[in-house]
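Subject: Structure handover

Hello,

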Amino acid sequence: MAAQKKATATAAEHKAAAKDKLPGKVYAKELARLHVELVKLQEWVSQTGAKVCIVFEGRDGAGKGGTIKALMERVSPRIFRVIALPAPSEREKSQMYMQRYVPHLPAAGEVVIFDRSWYNRAGVERVMGFCSEADVKSFLKGVPLMERAIVGSGIILLKYWLEVSQEEQTRRLQARITDERKVWKLSGMDLKSYSRWYDYSRARDDMFAATDTSVAPWFVAQSDDKKRVRLNIISHVLASIPYLRMPREKVRLPKRQKAEGYRDPGHLLKQVPEKF
């Protein structure tokens, strides 16, 4: 009963917070500060050979893509890599389930971000009937062992679940229908998934119960306010990795060479029209 009251109170708090959206100027200032820290993290990862794997999961429209974009905005794609795998091929369907994900795990000096991950089996594959219940039970039993092996190999593994309310999810998916800039984000699978809210809730709860371990815990982020969730998650990533500011030589621009007789050949090239 106490837990139910606590859950009700928490839901009410999130609803109230959703009305108080974070001002854009505050968001921009805080994001710029966090971007500086992400660059420091990048240098630490590169110089120490650290290995970081960040998993993003959540309902459709929960804001995973926007959060990843904010995280990636000022770092090098040669060190920070985003993995967003398409539907498995016929060959991949015949493989051991984890086989298609393992090659993408980070090597030394890399941060790998999974935009959806092996947890597809516990979520969309289960709810949409793409695998059997036996497959799901086998996965939920085996994934903690696999994640223990991942962490045991020296990889820092962070798992985030973005939780969005029914009302906010409806608003965001409706925006994808009416906004020509977002229509590509809406798939037939999204529409089918939308109608199965509680099937996804049950699948999520089973997933948490089986895979929220001391070695690789889940971290849940409320995402009705996109700006807040981006700042909260990036802050948590930075707080969860023991990075240090690495020594950096002071950079000075060298002098330009002299022309030494160079002249513009005057060859007329096609120019991009200056419409703006």
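Is Arg116 buried, partly exposed or exposed? Arg116 has a relative accessibility of 25%, so it counts as partly exposed. Before going further, please keep in mind that this is a predicted model. Arg116 sits in the loop that joins strand 3 (110-115) to helix 5 (124-127). The phi angle of Arg116 is near 75°, a positive value in a residue other than glycine. As background, most residues other than glycine have a negative phi.

Glu260 is another case of this kind: its phi is positive, about 45°, although Glu260 is not a glycine. Glu260 belongs to the segment after helix 10. With a relative accessibility of 75%, Glu260 counts as exposed.

Overall picture

The protein chain contains ten helices and five strands. Its C-alpha atoms fill a box of roughly 80 × 45 × 45 Å along the principal axes. Of the 276 residues in the chain, 41% are buried. Among contacts with a separation of 6 or more, 80% are between residues 24 or more positions apart.

On annotation, the unreviewed UniProt entry places the feature "domain: Polyphosphate kinase-2-related" at residues 25-244. In the model, that span is 50% helix and 15% strand.

Helix packing

Two packed helices are described by the angle between their axes and the distance between the axes.

Helix 2 (residues 24-48) and helix 10 (residues 226-240) have axes that come within 10 Å and cross at roughly 25°. Angles under 35 degrees count as roughly parallel, so helix 2 and helix 10 are roughly parallel to each other. Helix 2 passes helix 10 in a left-handed crossing. On the helix 2 side, the contact is made by Gly24, Tyr27, Glu30, Leu31, Leu34, Glu37, Leu38 and Leu41. Helix 10 supplies Lys227, Arg230, Leu231, Ile234, Ser235 and Leu238. By class, the contact between helix 2 and helix 10 has eight nonpolar, two polar and four charged residues.

Helix 10 also packs against helix 3 (residues 64-72), where the axes come within 9 Å and cross at roughly 55°. That angle makes helix 3 oblique to helix 10. The crossing of helix 3 and helix 10 is right-handed. Gly66, Thr67, Ala70 and Leu71 of helix 3 meet Val229, Arg230, Ile233 and Ile234 of helix 10. The classes in this contact of helix 3 with helix 10 are five nonpolar, two polar and one charged. Arg230 and Ile234 of helix 10 take part in the contact with helix 2 and also in the contact with helix 3.

What about helix 6 (residues 133-152) and helix 9 (residues 197-211): how do their axes cross? The two axes come within 9 Å and cross at roughly 45°. Helix 6 and helix 9 are therefore oblique to each other. Helix 6 passes helix 9 in a right-handed crossing. From helix 6, Leu140, Val143, Pro144 and Glu147 meet Asp206, Met207, Ala210 and Thr211 of helix 9. The residues in this contact of helix 6 with helix 9 divide into five nonpolar, one polar and two charged.

Two further residues

Ser193 lies in helix 8 (residues 188-194). Its relative accessibility is 6%, so Ser193 counts as buried. Leaving aside residues up to four places away in sequence, Ser193 touches Asp60, Met128 and Tyr200.

Gln222 is in strand 5 (residues 218-222). Gln222 is partly exposed, with a relative accessible area of 37%. Gln222 and Met98 are 124 residues apart in sequence, and their C-alpha atoms are 28 Å apart in space.

Regards

Methods:
Residues are numbered from 1 along each chain as its sequence is written. This is a predicted model: local features need pLDDT of at least 70, side-chain atom pairs count only at pLDDT 80 or more; totals for chains, interfaces and linings use all residues. Side-chain values use heavy atoms; hydrogens and water are left out. UniProt positions are given in the numbering used here, feature names are shortened, and annotations may be inferred rather than shown by experiment. Helices (H or I, at least four residues) and strands (E, at least two) are DSSP runs, numbered from the N terminus. Axes are lines fitted to C-alpha atoms, for helices over the stretch in contact, and angles run from 0 to 180 degrees between N-to-C directions. Angles under 35 degrees count as roughly parallel, over 145 as roughly antiparallel, 65 to 115 as roughly perpendicular and the rest as oblique. A crossing is left-handed if the near helix is turned anticlockwise from the far one by less than a right angle, and right-handed if clockwise. Contact means heavy atoms within 4.5 Å. Ala, Val, Leu, Ile, Met, Phe, Trp, Tyr, Cys and Pro count as nonpolar, Asp, Glu, Lys and Arg as charged, and the others, Gly among them, as polar. Buried means under 20% relative accessible area, exposed over 50%, partly exposed in between (1.4 Å probe, protein chains only).
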